[in-house]
Amino acid sequence: MRSSNKVVFFFPSFSSMEATAPLGLLAISTPLLRAGYEVRIVDSTITPGFKQRVLSEARDALCLGVSLVTGPMIRETVEIARAAKAADPSLPVILGGWHPSLLPDQTLAAEFVDIVVCGQGEDTMLELAQYLQAGDPLDNVRGIGFKRGGKLVFTAPRPLRPLSEMPPKAYHLADFDAYERVCGRRWAMYTSSLACPFNCAYCTNAGVYGRKWNALPPEQFVEETLDLTRRYRLELLWVVDDNFLVDLDRARLIGEGLARGGGNFKWSIQATTNLVARLSAEDLKLLHRAGLQQICQGAESASRKVLDAMNKDFQDLESIHESAARCLQAGIRPSYNIIFAFPGEGPAERRETVRFMMDMCRRYPGAEFWTNIFTPYPGAPVMARAKEIGLDLPDSFEGWADFFPRYTVLPWLKGKEHRRLQVMRDYLRMAFDRVPIAAQRENPAIHAIQRVISAPARWRLDHDFYALPVELWVHRHLKTWKSAVKPSVDAKRLEPAPASC
Ligand code: B12
Ligand code: SF4
């Protein structure tokens with residue numbers, strides 16, 4: 001039994017410059033704080049010597065909790081959990097977040113993990129802390145897995161609670177100055193709805209949050225976001241809802257409320273193209289007046305065949321054109337995600353998508369595309385066909401560290417073809433401007449050179465020709481001259497050495 005009142009959380013680096021406070025940990029901290037617990041969050045991205053820091057905080061703690069998604073975050077999770085267990089084998093190590101929720105058995109099987117939490121963590125973490133402190137058996141804590149006598153034990157699932165019943169997140173625990181130093185921007189994430197009514201084949205959302213969309217009332221959104229941005233001097237809020245626009249009236253009321261409330265911040269949302277296309281130009285202008293600057297949308301592919309394989313029957317290319325034209329008319333940046341190499345995509349379908357992207361960027365200057373390689377995440381509907389499509393999935397928790405869109409190698413995409421696709425993605429990055437959340441610390445000369453090399457990049461993409469990629473060489477060298485501060489772990493550095501093509 002451990003009598004400490006202190007709960008330590010660790011947030012491993014997520015391999016991105018888009019540094020800000022981990023919302024999942026801020027969410028589960030509030031009930032603990034309200035119940036009188038002391039909470040410490042160590043975020044690897046902003047904490048030099050984070051390992052020592054976790055170990056020293058954990059010395060007198062009740063438990064250590066880690067929040068993670070599938071991919072490179074697993075590396076530091078393993079490092080920290082192992083070190084913590086080596087220092088004190090009796091310290092309970094709890095893993096929560098998307099990866100443990102989707103693969104609880106395999107995660108719990110790791111020898112350095114004592115407890116996994118599946119799904120929403122607010123109530124579960126508080127109960128866990130109380131049970132651990134009292135030294136009571138954990139069988140009655142719903143939504144967890146734990147070990148007993150070397151066996152894995154799972155309790156009954158915890159029913160989802162609507163977001164409106166959840167307490168506010170503990171933003172006051174976040175060191176926004178430190179995040180701003182890494183990212184160059186002062187911003188935060190905000191959640192205003194949970195779940196998405198759709199069920200795209202590559203997406204893990206339904207597996208964790210179901211498909212019943214629920215949201216905060218517009219008044220709460222307006223009041224909280226105005227307060228947050230003023231209190232912490234935030235210039236930007238990324239509303240991380242999976243599909244912000246499911247209730248269009250709610251979105252309009254939020255726009256009106258923020259415009260009336262004199263909000264002085266920018267915000268961005270994620271939504272499906274079909275819903276964006278249902279907003280009128282007036283609606284979008286209202287949202288823009290209220291600070292909305294970007295709508296991230298999953299275009300994913302331009303091939304009907306691939307879209308059907310992805311279960312995206314709700315989306316067509318016309319709606320993407322409409323959404324781009326209207327967003328730009330209203331002054332909002334339309335951002336589209338693309339997934340290459342989804343099962344069923346061959347060279348013809350890939351070409352169709354590249355042509356579509358080129359056409360969109362030319363027709364609608366200001367529209368931007370971000371590309372990924374299909375990454376088979378546990379819990380996604382397509383994984384029911386994993387064997388059939390030849391996927392060889394990791395048989396240990398650690399094995400998932402290499403599942404990341406920036407370097408995923410698939411049975412149907414490896415060797416030369418994988419390298420060719422990576423080169424093509426590099427040219428797509430160079431061909432048109434995109435605006436990342438992290439501030440660009442570029443000098444004007446470098447930017448000018450980048451503009452010059454964007455012309456041959458477009459030519460190559462038009463002609464599907466990627467041999468002797470000299471522009472990429474120039475681009476890579478330009479990047480090494482940049483003075484940008486890097487997070488402690490950066491995906492680029494984790495990437496396998498760039499292959500020659
Ligand atoms: C914001 C975000 C990011 C940000 C993170 C920034 C940051 N500072 O945290 C950035 C841009 C970096 C990012 C990157 C990526 N992301 Co992301 N991201 C999200 C997003 C949109 C919101 C996450 C969030 O904060 N939600 C709000 C909080 C309150 O909810 P939550 O995280 O679910 O937390 C709750 C529970 O999970 C639980 N919980 C969480 N942590 C813990 C810890 C403990 C101890 C306990 C007890 C409970 C607990 O309690 C919380 C409260 O209920 C989600 C989508 C979503 N709907 O959540 C995708 C999502 C998490 N991302 C995903 C993916 C795939 C990625 C990328 C691989 C994408 C890419 N193309 O590169 C990278 C991976 C980065 C990496 N591995 O290193 C997937 C994860 C799938 C998976 N199997 O893990 C998601 C679910 C999107 C999706 N639908 O597929 N992402
Ligand atoms: S629309 Fe987006 S959030 Fe909804 S299921 Fe598809 S990918 Fe997931």
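Student: Which residues are around ligand 2?

Tutor: Cys196, Phe198, Asn199, Cys200, Tyr202, Cys203, Asn205, Asp242 and Thr272. Each counts as near because one of its heavy atoms lies within 4 Å of the ligand. A word on the background: this is a predicted model, where local features need pLDDT of at least 70, side-chain atom pairs count only at pLDDT 80 or more, and totals for chains, interfaces and linings use all residues. Residues are numbered from 1 along each chain as its sequence is written, chains are lettered from A and ligands numbered from 1 in the order in which they are written, and side-chain values use heavy atoms, leaving out hydrogens and water.

Student: What is the make-up of that shell by class?

Tutor: Five nonpolar, three polar and one charged residues. Ala, Val, Leu, Ile, Met, Phe, Trp, Tyr, Cys and Pro count as nonpolar, Asp, Glu, Lys and Arg as charged, and the others, Gly among them, as polar.

Student: What makes β3 and β4 a pair?

Tutor: Two strands pair if DSSP finds at least two bridges between them. β3 and β4 have four, in the parallel sense, so they qualify. Ile94 of β4 is the bridge partner of Gly65, and Leu95 of β4 stands opposite Val66. Both faces of β4 are covered, with Val93 and Leu95 buried on one side and Ile94 and Gly96 on the other.

Student: Why is one side of β2 and of β7 left without a neighbour in the sheet?

Tutor: Seven strands form an open sheet, ordered β2-β1-β3-β4-β5-β6-β7, with mixed pairing. β2 (38-43) and β7 (151-154) stand at its edges with a single partner strand each, so one side of each has no neighbour there. From one strand to the next, the twist averages 20 degrees.

Student: Where does α6 lie?

Tutor: Across β1, β3, β4, β5 and β6, at about 155 degrees to β5. Axes are lines fitted to C-alpha atoms, for helices over the stretch in contact, and angles run from 0 to 180 degrees between N-to-C directions. α1 lies across β1, β2 and β3, at about 175 degrees to β1.

Student: Which strands form the parallel sheet?

Tutor: Six strands form an open sheet in the order β8-β11-β12-β13-β14-β15. Six bridges join β13 (292-300) to β14, and β14 pairs with β15 over six bridges.

Student: What makes β14 mostly covered?

Tutor: Seven of its eight residues are buried.

How values were computed
Helix = DSSP H or I, 4+ residues; strand = E, 2+ residues; numbered from the N terminus. Buried < 20%, exposed > 50% of the residue type's maximum accessible area, 1.4 Å probe, protein only. Contact = heavy atoms within 4.5 Å.
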